[in-house]
Every structure is written in structure tokens, then in C-alpha cells.
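Please review the following briefing on selected packing features of the structure shown below. The points are grouped by topic.

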Amino acid sequence: MEEPAAAGAGSQPANGNGNGNGNGNGNGKGKPAGPKGREAFRNQRRESEGSVDCPTLEFEYGDADGHAAELSELYSYTENLEFTTNRRCFEEDFKTQVQDREWLELEEDAQKTYVMGLLDRLEVVSRETRLKGARAVLYLAQGTFGECDSEVDVLHWSRYNCFLLYQMGTFSAFLELLHMEIDNSQACSSALRKPAVSIADSTELRVLLSVMYLMVENIRLEREIEPCGWRTARETFRSELSFSTHHEEPFALLLFSMVTKFCSGMAPHFPIKKVLLLLWKVVMFTLGGFDHLQALKIQKRAELGLPPLAEDSIQVVKSMRAASPPSYTLDLGESQLAPPPSKLRGRRGSRRQLLTKQDSLDIYNERDLFKTEEPATEEEEESAGDGERTLDGELDLLEQDPLVPPPPSQAPLSTERVAFPKGLPWAPKVRQKDIEHFLEISRNKFIGFTLGQDTDTLVGLPRPIHESVKTLKQHKYISIADVQIKNEEELEKCPMSLGEEVVPETPCEILYQGMLYSLPQYMIALLKILLAAAPTSKAKTDSINILADVLPEEMPITVLQSMKLGIDVNRHKEIIVKSISALLLLLLKHFKLNHIYQEAGDNSQFCWRNLFSCINLLRLLNKLTKWKHSRTMMLVVFKSAPILKRALKVKQAMLQLYVLKLLKIQTKYLGRQWRKSNMKTMSAIYQKVRHRMNDDWAYGNDIDARPWDFQAEECTLRANIEAFNSRRYDKPQDSEFSPVDNCLQSVLGQRLDLPEDFHYSYELWLEREVFSQPICWEELLQNY
């Protein structure tokens, strides 16, 4: 199950997709002077950009990587020696219980008997004896690799043993041991006194967490053909992890508390990578992955009476082709080195030869087939802006001959034909706000007044406006979030008449309730770890130490050991980023669906976990900035456009899609010159990103583009979220605002349980308590 070293070195970029150090993507300083220097600089830039014919990355986005890869990422290379220790602990204990036989030779009943005795030995007082027993269990969960002949056999027996261990109550036993280790103040104080915490300080915790991770990862994995009882065991295990049992919190909350305790500095010896991996897999197992999210979304839309979804975004992206990366001349500052237009025209023939292998579909997508073009005059070419003139790649694409099919007699004899796309990959969407805005402008223009939110009355408007409104309404899209926001507004306005809201006790709702009051601390802790693991050129002296569970007791003394440790550290950080990004994305999407107001191998050209992390972080950024113009302005203020544009160098369709989405929402703020100088990027946005009807993202004319009241927008959103949490989760037990039935008929019509002898004495009671008592109306008025 150990991951090969080459896969662990995924931090070293392939195909020139690095971090900009030494590859020509700098700030343009220190460029060589003179004609030879300029030519050398251009050659260096062309080499750094890579060939335009670079292959598309064969990356398939999903919930997680392959099963073997996910198991291997649990361990670091520093833990290699512990595999032998686990095996020795098991074999020593096994020989005392079973004579002359191996684990794989035992019948299931004999295996269960041995596991039961092994669990009994975990309850002894001796800490060393407990650790040996836990290591023996870990060896079983690892697949008893000493008795297997291949990796396939190891994976099979690991899965079999994990189901067997769960059925014998191993997870509950290890959960008790984990509570003991978390509350072990002696271990915490010992780690705090040490100048440098190493892997030896977290031995017991790493063994416990490894067993629990292997059980979760193996049991959550579904196969078409499984032994009898495994599906039932899986659902039982999911319920145990999702819901509170024996007045205990859900398991995910315990892991979140470990994260916050680690970040607070009170437990620096916690193996944070294993904690985060286990937390991610527990959330994925209990709440469901992306496929389950899509099914939940379809189900919820049906319950709310909304039309079904037009497509699944992830499935659509899988069928999309990646676009060729744009040019980066403006980033390099080569606008000062651009040759005169006459020399530029003289180079076009040679430059065109360099681009002859460009994908025909990409070239087609850069052209507007319905636009008639005429050769530009010399004056027009000379009047072109410097930024536009220096975009060599984009200029060359615009110089290609039109891809309009020639007449049959002149058709080229070629086996490769241009695949003309039938349309954009996404169905357009229109918000109710877009229709109202369109009608407001049209009514002001043609009849001089507006009708508010009325979208049905079209009297006085010309026929083309009628057709436009009809088209807009055909593509109107109402999201689940829109319905939830509207319902929340009604509940806030009429809390008594609408009564108490019925909230289903789903795993997502239970997790949100448990996380609610500590949610800021959880998110801050995760972001602290994410920043500590992110690659940067600056030394982070004040960051937390996330390498405690990868650094050996004795530092390396040879070059080979140092290189191995360096690879291990980079791999360790990549796995942490992967787990946090996937965890945040899952939580955000599940909470948003629950309610809008809740918050590879050696031959690969890329590292699966790094690309997976990048896509997750881009998706998170899209979720956080969607329809939030104040947050979009933050992307503009911190100059994210050049960074995002550089990310388009990675030729993978899904990553490019979310980069282009982030660029699209910024274009209205970036100015005309940026749009003019980045026409290839604009074209890619048009062909790959979903568009809203009447969406003038490319022109900056949207009323929402006016930069005002952004702080008020964030304050309003926060107030709505706090009001939602207060209304749903801060209810007092005896509220004076509880709903009261004021209807006379319903009150008198209620059936009351009266004593059996009531009908014998009720007349006497009426006479004594009602009719014979005088009513003082003045006193009643004074009291009320």
C-alpha cells in the first residue's frame, strides 16, 4: 500500500506548469539588453510557455482518488519501519493464541474469536501492552500483507478484515482509546516542553487514527458484488457516525475539536494529517459525495415543486475539451520589446508554421464564422494598441484563414475534418431579477414609468420586447436557495401565524447544529493549517508546525536521507491541502443545499492530489463569490486576474472552467483595455461558461457593476444569517411569542378530556363560579 516515491514528488510541476520561478513568468525585471538579449528573452519565453500542442491532462475529477492511492496517502515515508513493527506485534500475539496456522487459513468463526481476545487485551492497564494490541489490529486492517502475494490481495484482505473488525466492535473500542489519548494531559505537557516535536510523540494517536481511517475508507467503498451483510453493516456504520449515540456528539465533531486544539497550540503532537484525512472521509461517508449531492438536489427540487435540473455540471465538464493556454506577453512586459508593425507582418509566415498543429476545434472557437472580415489597412494596423499588438499567440490566431467550409470542388483532401460545435455546452439561465430589470429599462424607455415587480403586464411595449420577455421566461431558473430565502423572509415577517418550522433531522442538519456555535473557530483553524501547508516563497515563522507527524526523531545525515525527507515533507503538505479543500467544499455544498444561510502513478504528467486540490479551491472561491459583488471586488482589488490567467496554462477542462468563471465575474470591473488585450480569454469564457440571458458581462454596463454599498451588502448577508440561526436554533423554552389559536370555532371545537363525574356537577359549578359572581368591567379594563 506504500505509494511510490515518484508519485510523492508531485510538488515538482510538469510541463512547465510551475510557480513562476525561473520559467519566464516573472515581473520583467533584469531582462537582457541588446538585439541578442531580446531574442534570447523571446526564446526563453516561448520555451517556458510550452508547446501549444501540449497534451490534455487525463484527469478525471471525482470524490477521491483511486482506493489504493487514498490508502497510501495515510502514511508518510518516515513511517515505513512501523509496518514491520505492526507485523511483529501481530505475529507474536497470534502465535500465543493459534498454533501452526496463519490468519488467512482460519475460518471466519476462528478469526472472530481471535479478534475478540485481541480487543480484551486492549483494556489492560499497561500502556505498552495496549499499544502492542493496537498495532496488531492495525496490521489486520492493513491487510496482513506478510501473507499476501500481490497488492490486489492486500487490498482485498484489508477490506475483508475491516468489515470483520467493525462487526466485532473494534471501532467503538478504538473510539474510547482515542478519547483517552486526546485527554492525556501528560502527553500534551511533554510535547509542549520539547524544543522540536517529532513523529515519536504521536505514536499511539497515529496507530488509533490509522485503524479508524482504514475502517472508514474500506467500509464506505461500495462494490457491485459484496458478501452478505456488508451493505447492512455499512448503513449501520454510517448511522453511528452521523447521529449522536449514548449522549455523545457525532464523530466528526470530535475530530473538529482535535483540529482546534492542535491549532491553539495546546496539543502540538497531534498527527494533523491523519486527523484531517479521517475527518474528510467521515464527512464524505456520512453526508455523501458529489453524486449523492446531485441526487439530493434533484429530490429537493421535486419536493419544492421546481422543474428538474437541465444538466449535471460535473458530467458536462467531463465531455468538454480543454482550451489551449493564452499568451502571457503582457505579464512579461514585452510590450516594450515589440517590433514595428512592418517587421511583425514580415514574421507572420514563420509564426504561422509554429501554430499549424493547433487543435482545429480551438482555432474554430477563436473565430466568429458569421462575421465578414476584410484585410486591415496599414494605417489600421499601426493604430492598434501596444497591448493588443504584443499578444503574439492571439494575433496569430486571428491571422488564420477563416474556417468556413470551401465549395465541394475546392474541399481539401484530408481525413481530419473540423468538428463544428452545435452550441454552447450549458443551458442559459435567467433570474427573476433579470426579467424585472429588463422590463424596468424597457418601460422607462417606451412608456415612461415602471410597474415594480410586475412581469406579466406588457401593455404599451413593442412586439420585440414581448418576444424578448417570452424568451427570458422560457429560460427562467429558480434555485433552491431562492425558495429558501423567500421562505425565510416570510417566517421572519409572520413568526406567529406561520407557526413553528419543521426541520428534518438529517445527518447534515445534525452536523450543522453541532458545529454552529464553534463554526468560526473550526474554519479559522482549517485556514491556518491550509496557509501553513500552502507553498510560498516567504518564511512563515509565526505559522503552526504541521510537520510533527512526518519529522523523524533523528534528522537525516546523508544527502539521500535529506532528499527523501524533502519529498516526504512536500507530499505531506500536498495531502493536507487536498483533504482541507475537499472537506471545505463538501461542507459548503451540503450546508448550502440544506439551507442557503447555513455557511497517480509514475507515468502521470501531473499529481492527482494537487490538481484535485486546485479544482476544489477554485470551486470554493466560485461558491463564495457567486452573486456577491463585494467579494468579487476583492478579487479585483487583490489583482487575481493575472494569477487566474496563468492558471489557464494547465490544460484540463474542469480547472479551466472554474478559472474562467472567476474571470468572467471580474471582466466588468477590469476595464476596456484589459478586455481588448485578452480577447482569447474572453472567447474562452464565451464558449465554455454558462451565460445568463441579457448578461452583458463583457461590457461592464450591468447596474450591479456600480461600486457602491458593498459593505452594506456583506452586513445585510451577515444579519440574515444571524437572524436565521437565532430563529431556528436559539429558541427559548417558554416563549411569549409562541403561536396562539385565536379562532373561536377551533377553540370551542377542541375535544377536552373531562372527569367522569363532570356531567353530574357542571350545572352546580356554573351557578356557583359564573352566574352568581358579579362582573366588574372597570376592574377588567384597568388590569388589561
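Phe 251 touches Phe 171, Leu 175, Leu 178, Met 212, Leu 241, Leu 278 and Val 282, leaving out residues up to four places away in sequence; contact means heavy atoms within 4.5 Å. The model is predicted: local features need pLDDT of at least 70, side-chain atom pairs count only at pLDDT 80 or more, and totals for chains, interfaces and linings use all residues. Residues are numbered from 1 along each chain as its sequence is written, and side-chain values use heavy atoms, without hydrogens and water.

**Nonpolar cores**
- In the largest nonpolar core, of 153 residues, Phe 251 and Ile 529 touch the most other members.
- Helix α28 (residues 559–594) supplies the largest share of this core, 15 residues.
- Another core, of 9 residues, lies apart from it and includes Phe 438, Leu 439, Leu 461 and Val 469.
- A nonpolar core is a set of buried Ala, Val, Leu, Ile, Met, Phe, Trp, Tyr and Cys residues joined through side-chain atoms within 4.5 Å, where buried means under 20% relative accessible area (1.4 Å probe, protein chains only).

**Gln 652**
- Gln 652 is located in the loop between α31 (640–647) and α32 (653–670); helices are DSSP runs (H or I, at least four residues) numbered from the N terminus.
- Gln 652 is buried, at a relative accessible area of 6%.
- A polar atom of the Gln 652 side chain lies 3.0 Å from the backbone nitrogen of Leu 655.
- Beyond its neighbours within four places in sequence, Gln 652 is in contact with Leu 57, Phe 59, Ala 322, Leu 611 and Ile 615.

Definitions and conventions. Helices (H or I, at least four residues) and strands (E, at least two) are DSSP runs, numbered from the N terminus. Buried means under 20% relative accessible area, exposed over 50%, partly exposed in between (1.4 Å probe, protein chains only). A polar contact is a pair of N or O atoms within 3.5 Å; within protein, one must be able to donate a hydrogen and the other to accept it, and residues adjacent in sequence count only if both atoms are side-chain atoms.
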